[in-house]
Amino acid sequence: MTKFDILIVGGGAAGFFTAINLAEKNPQLKIAILERGKDVLTKVKISGGGRCNVTHAEFIPKELSKKYPRGEKELLGPFHTFMTGDTIAWFEERGVELKIEDDGRMFPVTDSSATIVDCFISLAKKHHIEVLTNHAVQDVGFDDAFAKAQTTTNTFFVKTSKGVFTCDKLVMTTGSNPKMWKLLEKLGHNITNAVPSLFTFNIKDKRIDGLMGVAKDVTIKVLGTKQKSEGPLLITHWGMSGPAILKLSAWGARDLAAINYKFDIQVNWLQHYSQEEALEMLMELKMAHAKQSPHTYAQLDLPKRLWQSLLIAAGIQPSIKWAELTKSQLQSLSRELTQSRYKVDGKSTFKEEFVTAGGVNLKEVHFKTFESKKVNHLYLAGEVLNIDAITGGFNFQNAWTGGYLIAQAIDS
Ligand SMILES: Cc1cc2nc3c(=O)[nH]c(=O)nc-3n(C[C@H](O)[C@H](O)[C@H](O)COP(=O)(O)OP(=O)(O)OC[C@H]3O[C@@H](n4cnc5c(N)ncnc54)[C@H](O)[C@@H]3O)c2cc1C
């Protein structure tokens with residue numbers, strides 16, 4: 001039976017970040033990462049479309065924490081210790097420069113996730129962290145003393161597909177693996193059941209048919225729920241995507257799962273204007289462009305193809321002139337512009353990033369140290385916790401923050 005000071009289960013983002021920070025602080029510790037797969041860091045590799053969106057240029061802890069539909073309250077304290085600026089500095093000090101894109105997402109300047117993977121692998125090697133792949137953890141037990149008293153000197157027995165290991169401190173960074181949640185349940189934790197987050201909406205509707213690639217800033221409501229969001233919406237082959245939709249999918253992850261991803265949304269293509277205001281603007285346009293067809297020029301900042309499609313939906317054909325539009329046609333158009341209803345029937349995976357909402361109940365973790373309140377010397381970080389964020393680099397930031405705080409908390 002091989003003994004380690006610290007075993008980290010899960011060779012992903014949170015696991016490597018924890019291990020490296022621990023080893024840098026405590027070179028004498030014997031640390032191993034147990035990974036079930038034949039490769040480590042597989043999600044980091046495919047993340048951000050192969051570019052790895054490492055973090056997000058949001059430097060105010062409170063604002064950063066607001067990006068987490070689950071975890072907002074709990075991460076606020078930890079972000080005061082380790083957040084975006086620290087992440088940037090951490091990577092820079094280890095030779096990885098990050099850059100900011102217009103929307104705030106941060107990537108390695110190389111635009112390649114391999115830079116992050118290589119950085120982690122070489123640091124693990126440099127600090128003699130044992131990376132044991134093809135080691136699937138199957139069970140965790142304690143020695144008798146631990147079971148009785150949970151005192152300071154405990155031993156964990158970690159059963160893997162390749163034999164049993166022991167350690168004094170155990171870090172679980174197993175992401176969204178249901179088997180590991182079951183195991184943690186056995187150890188006394190409560191698990192919030194997992195549902196997908198960060199997905200796009202499937203919509204078949206004549207009004208958006210053939211408009212893929214069209215984008216517009218909007219506000220959206222999910223009818224029959226409290227869910228609403230605003231921001232850019234992107235029309236795709238299958239329906240709707242873009243930040244406004246992804247935000248809804250994150251904040252509404254549970255509500256939308258409960259209705260089996262079948263619901264109606266209302267889109268305000270004019271974002272902040274009401275139907276009455278839209279009607280007034282249309283009346284003014286009618287006066288100003290009396291002799292033209294409304295189809296000739298897009299109005300109200302709408303992309304032309306979308307504008308034309310909404311005109312057709314309001315029953316306004318290209319042959320008609322602004323001056324000929326009836327009050328009822330203008331009303332119908334103002335409704336299409338501000339209260340367009342669409343039927344969502346299912347969801348699709350957002351390829352750039354997706355996460356699971358669910359995991360270890362946050363009340364059962366000390367957020368100064370990320371140590372379990374149920375089992376002494378057991379630490380948890382990353383997606384194994386019931387924490388997830390909207391898209392943009394925030395999910396990795398959660399992994400880095402948790403990993404860093406664990407490394408600070410574990411004293412040799
Ligand atoms: C396609 C895609 C793209 C993404 N892009 C981004 C992005 O650009 N930016 C961003 O912020 N987030 C992104 N995310 C989300 C991000 O990848 C996760 O939030 C992050 O990887 C979570 O880190 P983690 O270490 O908790 O879990 P993971 O990275 O999932 O690592 C968990 C590890 O534990 C291992 N494991 C599980 N069970 C066992 C076991 N029993 N024994 C041993 N090992 C085990 C797994 O094999 C895995 O290697 C993306 C996700 C996906 C799916």
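Modeller: This is a predicted model, and in it the count comes to 22 salt bridges when a side-chain nitrogen of Lys or Arg must lie within 4 Å of a carboxyl oxygen of Asp or Glu.

Another salt bridge joins the side chains of K186 and D139, at 2.5 Å from N to O. Here, too, distant parts of the chain are linked, since K186 sits in helix α8 (residues 178–186) and D139 in strand β7 (residues 137–142), 47 residues apart. K186 has a relative accessibility of 54% and therefore counts as exposed, whereas D139, at 26%, counts as partly exposed.

The side chains of E101 and K99 form a further salt bridge, with 3.6 Å between N and O. E101 has 22% relative accessibility and so counts as partly exposed, and K99, with 24%, is likewise classed as partly exposed. Both residues belong to one network, in which salt bridges that share partners join R51, K99, E101, D103, R105, D111 and E352.

E352 also leads us to the ligand, because a backbone N or O atom of E352 lies 3.1 Å from one of the ligand's nitrogen atoms. A backbone N or O atom of V137 is placed 2.9 Å from a ligand nitrogen atom, and for A13 a backbone N or O atom lies 3.2 Å from a ligand oxygen atom. Of the 1,000 Å² of accessible area that the ligand has on its own, the protein covers 95%.

The ligand sits in the largest pocket, and the elements that give two or more residues to the shell around it are α1 (13–25), α2 (42–50) and α14. The largest share of that shell comes from α2, which contributes four residues. Altogether 33 residues surround the ligand, and the closest are A14, E35, N177, E383 and F396.

Note on methods:
Residues numbered from 1 in each chain as written. Predicted model: local features only at pLDDT ≥ 70, side-chain atom pairs only at ≥ 80, totals over all residues. Heavy atoms only, no water. Buried < 20%, exposed > 50% of the residue type's maximum accessible area, 1.4 Å probe, protein only. Near = heavy atom within 4 Å. Polar contact = N/O pair within 3.5 Å; in protein donor to acceptor, adjacent residues only side chain to side chain. Areas by Shrake-Rupley, 256 points an atom, 1.4 Å probe, with all protein chains shown as cover. 1 Å grid on protein atoms, 1.4 Å probe; cavity = no way out; pocket = protein on both sides within 12 Å on 5 of 7 lines; lining within 4 Å. Sits in = over half its atoms within 2 Å of the grid points.
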